[in-house]
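Trainee: Could you take me through one part of this model in detail? I'd like to look closely at the place where the two chains meet, and then at whatever else in the chains is worth a stop.

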Amino acid sequence: MSYKGEISAAMAKLSQDNGNRFIGYGLKHGFAGGTLNDVPQSQIIETPVAENLMAGIAIGQSLAGLLPVLYFERFDFVLNAADAIVNHLAAAEAISRGEFEPAVIIRAVVGNRRKPLFTGRTHTQDFSAAFCAMVDFPVVRLGEQTNIAEVFTAARTAQLRGESTLVVEYKDLL
Amino acid sequence: MNHTTETLIAFEHRIKSRFAAGELPFLVHLSGGNEQQLLDIFSEINDFDWVFSTHRSHYHALLKGIPEAEVEAAICSGNSMFIFDRARNFYTSSILAGVCAIACGVALEAKRSGSMSHVWCFVGDGAEDNGHFAEAVRYATGHALPVTFVIEDNNRQVDTDYATRWGTHTRTDWRSPNVMRYHYQPTFPHGGAGLPPGSVTFQPEIVARFAL
């Protein structure tokens, strides 16, 4: 199965949980680069292009008992949501002394560098190392040899016990 | 406990006394001057509603039903800015406007599930300056979410008044049924207990216990 096919299959599997929600912009029409083609429309929450709002909504959905999957079409744009991710999502359990454990599966796509259409520096940056230093939950890169199904299964298992995961995808492999 | 203006003021003055005695080597943001406004607002807030609070959370926590002893214990262990209570749906963030989008996420599910729960999100007029607040208000208004953003306008962003930072006294009219504003004159400074600089000697054993 192709890289994109494996991600799509993983998303379809995540959607089997009734509480699952896919959150982001361009999802109702673009389906996250086609990776949400096989998930129910009822689980998709289309948002404005306001990344911190998207991330905050995902945290709130988790506080309400749901299982949010947050999608960023470029890792570069995650920086706009850094407050929600670093100061809130990653910090909540510690600062609330375990009262709240919001958990979100975050998907961030690194733009293509090796094949057209080229999009330049601000659409191709990989901030994996930076986020590894800023959050205390796993940051997992999906390379060519990665068992993608296993990664997302582990991410959902972690989410159910109150832990987030940042999954980094690569458009060059899609 | 049914709070009154007097019990709220007495609580914060007890915290001020402990600060003056050197027991609290922490950043605290004391409330004061808005007792009646908050008593009125919280008379509309149900036990099952959510409250999202700010760095200045003591009155909110007490009025949401968290016992005084619990709030005081949190403050005295360095958690004045981090008071949370899952059972009472009470959540705090001391990052400017940080809770606004989170409140939208909770309210979105309340609406979709048909819950009776309402979300109350408190912010200062400093947080109102921030784009994260504007995004959340637009989203909540457009989607008719069951959330009320309460702007606690004390004409102060840390120590700077509205006109100085925006060049006008005229407040933004958010034109949203999701936003309400009240004005008040704060009785304490932004941070600390309003004591003269250098007048407090923090107890060394407490400082040693909490130093990172």
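This is a predicted model: local features need pLDDT of at least 70, side-chain atom pairs count only at pLDDT 80 or more; totals for chains, interfaces and linings use all residues.

Mentor: The side chains of A:Glu163 and A:Arg161 make a polar contact, at 3.2 Å. A:Glu163 sits in the loop that runs between helix H7 (148-160) and S6 of chain A. With a relative accessible area of 33%, A:Glu163 is partly exposed. Leaving out residues up to four places away in sequence, A:Glu163 touches A:Ala103 and A:Ala158. A:Ala103 is 60 residues away along the chain, yet the two C-alpha atoms are separated by 5.0 Å.

A:Thr165 belongs to strand S6 of chain A, residues 165-170. Its relative accessibility is 6%, so A:Thr165 counts as buried; the cut-off for that is under 20%. Who surrounds it? Again setting aside residues up to four places away in sequence, A:Thr165 touches A:Val104, A:Ile105, A:Ile106, A:Phe137, A:Pro138, A:Val140, A:Ala155 and A:Ala158.

Now zoom out to the whole of chain A. It has 7 helices and 6 strands, and from the N terminus on they run α-β-α-β-α-β-α-α-β-α-β-α-β. The radius of gyration is 15 Å, close to the 16 Å that the globule rule gives for 174 residues, so chain A is as compact as a globular protein of that length. Along the principal axes, its C-alpha atoms fill a box of roughly 45 × 30 × 30 Å. Buried residues account for 57% of the 174 residues. Take the contacts in chain A between residues at least 6 apart in sequence: 74% of them join residues at least 24 apart. The pairing of A:Glu163 with A:Ala103, 60 residues apart along the chain, is a handy picture to hold next to that number.

Two backbone details in chain A deserve a look. A cis peptide bond, with omega about 0 degrees, joins A:Pro116 and A:Leu117. A:Leu117 is in the loop between strand S4 (105-110) and helix H6 (128-134). The other detail is A:Ala32, where phi is near 50 degrees, a positive value in a residue other than glycine. You'll find A:Ala32 in helix H2, residues 27-34. At 4% relative accessibility, A:Ala32 counts as buried.

That brings us to the interface you asked about. Here 25 residues of chain A are in contact with 27 residues of chain B. Between them the two chains bury about 2200 Å², with 65% of it on carbon and sulfur atoms. The salt-bridge count between chain A and chain B is 0, while 9 residue pairs across the interface are in polar contact, both partners at pLDDT 80 or more. On the side of chain A that touches chain B, the elements giving two or more residues are strand S2 (44-46), helix H3 (51-63), helix H4 (82-89) and helix H5 (92-95). H3(A) gives the most, with 8 residues. Sorted by type, the residues on that side divide into 12 nonpolar, 8 polar and 5 charged.

7 of its 8 residues are buried, so H4(A) is largely enclosed by the rest of the structure. The buried ones are A:Ala82, A:Asp83, A:Ala84, A:Ile85, A:Val86, A:His88 and A:Leu89.

B:Thr92 lies in strand S2, residues 90-92, and is buried, with a relative accessible area of 1%. Its side chain reaches the backbone oxygen of B:Ile83 at 2.5 Å. B:Ile83 is also among the residues that B:Thr92 touches, together with B:Ser53, B:Thr54, B:Ser57, B:Met81, B:Phe84 and B:Val99, not counting residues up to four places away in sequence. B:Asn155 has a phi near 55 degrees, a positive value in a residue other than glycine. B:Asn155 is found in the loop between strand S4 (147-153) and helix H8 (162-166) of chain B, and at 35% relative accessibility it counts as partly exposed.

Definitions and conventions:
Residues are numbered from 1 along each chain as its sequence is written. Chains are lettered from A and ligands numbered from 1 in the order in which they are written. Side-chain values use heavy atoms; hydrogens and water are left out. Contact means heavy atoms within 4.5 Å. Buried area is the accessible area (1.4 Å probe) that two parts lose on being put together, summed over both. A salt bridge is a side-chain nitrogen of Lys or Arg within 4 Å of a carboxyl oxygen of Asp or Glu. A polar contact is a pair of N or O atoms within 3.5 Å; within protein, one must be able to donate a hydrogen and the other to accept it, and residues adjacent in sequence count only if both atoms are side-chain atoms. Helices (H or I, at least four residues) and strands (E, at least two) are DSSP runs, numbered from the N terminus. Ala, Val, Leu, Ile, Met, Phe, Trp, Tyr, Cys and Pro count as nonpolar, Asp, Glu, Lys and Arg as charged, and the others, Gly among them, as polar. Buried means under 20% relative accessible area, exposed over 50%, partly exposed in between (1.4 Å probe, protein chains only). The radius of gyration is taken over C-alpha atoms; the globule rule is 2.2 Å times the number of residues to the power 0.38.
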